[in-house]
Amino acid sequence: MSDKLKVGIIGATGMVGQRFIKILADHPWFEIVAVAASAHSAGKTYAQAVDGRWKLEGTVPDVVSDMVVQDAAQVDKIASQVDFVFSAISLDKADTRALEEAYAKTETPVVSNNSAHRWTPDVPMVIPEINPEHTDVIKYQRERLGTKRGFIAVKPNCSIQSYTPALSAWRQFEPTQVIATTYQAISGAGKTFKDWPEMEGNVIPYIAGEEEKSEREPLKIWGHVDADTKSIVPDEGTVITSQCLRVPVLYGHTAATFVNFAKNPTKQELIDALESYEGEPQRLGLPSAPKQFIQYMTEDDRPQVRLDVNFENGMGVSIGRLREDKIFDWKFVGLSHNTARGAAGGAVECAELLKAQGYITSKNA
């Protein structure tokens, strides 16, 4: 018998679900025992369900190839098989919230890639290196849900990971105003160039809902758990404005960012803060944690998607072109891998943190 925690993947046939499977196929702590999707895919083997739809490099991992896809709506059946689930379902927000809460109420923790619960006040939205203490709010969420073990945790939007880590490393200098323009890969929409040939040689200057997420989500990440309201109270010290563009890149979100500080750091102080920044995942040695969370690149033409998106297996963040600005104090360019750090990889690291903190355990323990 394996002593690994038993994991189900809800929404396993989509692009993020596929990335979960690639990451978890040989994970030291977690073992995939259930894959689920819509009723349309249920009853097929996983290989059959993604035949012609496998979007990632390589082939379907053997560990799930012959596994029968279950109907994600059969909550009790799936919950009985697993210790916790990853959620990558593709439903509208109300249905996503309802389904994820249904799993949590079976005493099955949910670690979600979806945006539906990011603004639920007692749901932690975690980048493990930045705000691991936000999991303290889980005790209040369990009170609301009436659970002892079940809860929901989410990871934030993929594009904010290209600039929020740098701003987090610089919190000591008190960033007050930020402009972030993101250039986002098509895989962020669950697409490849085969699916979306009209993106070749094209730029679309609008991604639905993305600018609101870019402006608001870092503020929740920088917030604090409030015992009186039993919620996470967002930070109010920084104002962010953004524009989000879809560009003809498969993987990698780039951000051109401008920032003002209340204090007056030097360039070397800013670089030192980036390179020395680490968090709980590094201290705990979590399996998915990059050894170097943020790298600073001195070359004028870096970071580049082609050269740098896979830094630390896609779990690290690359920052470059830090320089003084004529209007703002400083400007820089950031790059993160949108389906590794920004999606499934970030959620897996979040689950590792929750296990290390004792929130995710075996149901048989």
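**Entry 1: D308.** I began with D308, which lies in helix α11, residues 305-308. The model is predicted. Is D308 buried or exposed? I found a relative accessibility of 5%, so D308 counts as buried. The cut-off for buried is under 20%.

Next I asked which residues D308 is in contact with, leaving aside its neighbours within four places in sequence. I noted M297, R302, P303, S318 and L335. I then checked S318 again. S318 and D308 are ten residues apart along the chain, and their C-alpha atoms are separated by 7.2 Å.

**Entry 2: the mixed sheet.** I traced an open sheet of six strands. I wrote its order down as β10-β7-β11-β14-β13-β12, and its pairing is mixed. Which strands form the edges? They are β10 (239-246) and β12 (294-297), and each pairs on one side only. From one strand to the next, the twist averages 20 degrees.

I looked at two pairings in this sheet. β13 (residues 317-324) pairs with β14 (residues 330-336) in the antiparallel sense, over five bridges. There I picked out E324, whose bridge partner in β14 is W330. β12 and β13 run parallel and are joined by four bridges. In that pair, Y296 stands opposite I319 of β13.

Entry 3: I stayed with β12 and checked its faces. Both are covered. I294 and Y296 are buried on one side, and Q295 and M297 are buried on the other. M297 had already come up as a contact of D308.

Then I turned to the helices. Helix α9 (residues 267-276) lies across β11 (253-261), β12, β13 and β14. I noted that α9 runs at about 140 degrees to β12. Helix α8 (residues 210-221) also packs on this sheet, where it touches β7 (175-184) and β10. The direction of α8 makes about 140 degrees with that of β10.

**Entry 4: the parallel sheet.** I found another open sheet of six strands, with the order β3-β2-β1-β4-β5-β6. Here the pairing is parallel.

I followed β6 to its partner. Three bridges join β6 to β5 (residues 110-112), and the two run parallel. V110 has I152 in β6 as its bridge partner.

**Entry 5: helix α1.** I ended with α1, which lies across β1 (5-10), β2 (30-37) and β4 (84-87) of this model. α1 runs at about 160 degrees to β1.

I also looked for a helix beside α1. Two packed helices are described by the angle between their axes and the distance between the axes. For α1 (residues 15-24) and α12 (residues 340-356), the axes come within 8 Å and cross at roughly 50 degrees. That angle makes α1 oblique to α12. I recorded the crossing as right-handed.

Which residues meet at this crossing? On the α1 side I listed V16, R19, F20, I23 and L24. On the α12 side I listed A343, A344, G345, A347 and V348. By class, the contact of α1 with α12 divides into eight nonpolar residues, one polar and one charged.

Key: Residues are numbered from 1 along each chain as its sequence is written. This is a predicted model: local features need pLDDT of at least 70, side-chain atom pairs count only at pLDDT 80 or more; totals for chains, interfaces and linings use all residues. Side-chain values use heavy atoms; hydrogens and water are left out. Axes are lines fitted to C-alpha atoms, for helices over the stretch in contact, and angles run from 0 to 180 degrees between N-to-C directions. Angles under 35 degrees count as roughly parallel, over 145 as roughly antiparallel, 65 to 115 as roughly perpendicular and the rest as oblique. A crossing is left-handed if the near helix is turned anticlockwise from the far one by less than a right angle, and right-handed if clockwise. Contact means heavy atoms within 4.5 Å. Ala, Val, Leu, Ile, Met, Phe, Trp, Tyr, Cys and Pro count as nonpolar, Asp, Glu, Lys and Arg as charged, and the others, Gly among them, as polar. Two strands pair if DSSP finds at least two bridges between them. Buried means under 20% relative accessible area, exposed over 50%, partly exposed in between (1.4 Å probe, protein chains only).
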